[in-house]
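Reader: I would like to learn how to read the way two parts of a chain meet. Could you take me through it, with the general idea before each case?

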Amino acid sequence: MRAATYRKYGGPEVLKIEEIARPEPGPGQVRVRVEASSVTTADWRLRAAAFPSFTWLPGRLMFGLRRPRKPVLGGDFAGRIDAVGDGVTEFQPGDPVYGFSGIGAHAEYLVMDAGAAIVPRPASLSAREAAALPFGALAALVFLRDFAKLKPGERVLILGATGGVGAYAVQIARALGARVDGVTSAANAALARDLGAQTVLDYRTEDFADSGQTWDVILDPVGVSTPSEARKALASDGRFVALNMDWATLFAALTNRFRRGPKVVIGVNGDRREDLDALTEMIAEGSLRPVIDEVFQLSQITEAHAKVESRHRAGAVVLDMTGQAEAPSRS
């Protein structure tokens, strides 16, 4: 089967398209014929070994100290069940599915446990649309609902409100009953409003910390703020929720109990099937939709990585694994 591989760490140029063995499902596993995937921030960081701050050494030990242990990246996927292992009853060959595998989805076939983060694909979504969702939407859901404990009626500010996580955080925060504001570029302000943001700040000309406004929750999926900056714009019981951790953020989170006022919240998303089910329910209700910046073919994997690493995109960067050249417009 064809797969995008990286045999060493580095820039997008280390990625190659190779023929590798097709995996076979074992007991309790399913094999998916991948129709679409996406390239996420996690993918380019793994490819470049760009683990932030204190996570560099643990990251290299986990994924390969000198070279990658597992050469196929990709977590988001959508496709159809191709084969099932012994004991699998919830899926049958031909079932349309989507989910998050962590790694291995930038290949024509993917094997994973049937009980992992894989669920039936909503009939309203194409494979490309479904593959645009899991990484960003799962992170947004878990960090807002579980870590920030966002309540109906609270005000939340999403930094990077049209990015790979932010575009979903705006929608999910609104679905949870919050009043949502966003920070993005002027070029993407209309998209942020369309997704549900009421007030949109242009990060090039406006500083949210000096805006005179306050929020109950500030979500930073892109690592553009700090706890000290966020505290200026948080309510007395507010929460600064950081998806990217450095030493200052970790220290602030660990010392919350010794400080009055706003708290710093950090965590790790578990990528659970139950949370995918929650996303599917939001899709059915019409409160969540995929946001796609651009679609690339598998053969354009280097260009897709360069796009994501530029950190200037509106929504997900999708990989079409079927070889169909036609790409949808931005949605």
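Reader: How many residues of domain 1 are in contact with domain 2?

Author: Contact means heavy atoms within 4.5 Å, and by that criterion 13 residues of domain 1 are in contact with 16 residues of domain 2. The bounds come from an automatic or database domain assignment, which gives domain 1 as 2–134 + 291–320 and domain 2 as 148–266. This is a predicted model, in which local features need pLDDT of at least 70 and side-chain atom pairs count only at pLDDT 80 or more, while totals for chains, interfaces and linings use all residues. Residues are numbered from 1 along each chain as its sequence is written, and side-chain values use heavy atoms, with hydrogens and water left out.

Reader: What area do domain 1 and domain 2 bury between them?

Author: Buried area is the accessible area (1.4 Å probe) that two parts lose on being put together, summed over both; for domain 1 and domain 2 it is about 1100 Å², with 60% of it on carbon and sulfur atoms.

Reader: How many salt bridges are counted between domain 1 and domain 2?

Author: A salt bridge is a side-chain nitrogen of Lys or Arg within 4 Å of a carboxyl oxygen of Asp or Glu, and the count between domain 1 and domain 2 is 0, although the structure holds 18 salt bridges.

Reader: Which residue forms a salt bridge with arginine 121?

Author: The partner is glutamate 35, with the closest N and O atoms 3.6 Å apart. Helices (H or I, at least four residues) and strands (E, at least two) are DSSP runs, numbered from the N terminus. Arginine 121 lies in the loop between strand 7 (118–120) and helix 3 (127–131), and glutamate 35 in strand 3 (residues 29–39), so the pair ties together parts that are 86 residues apart in sequence.
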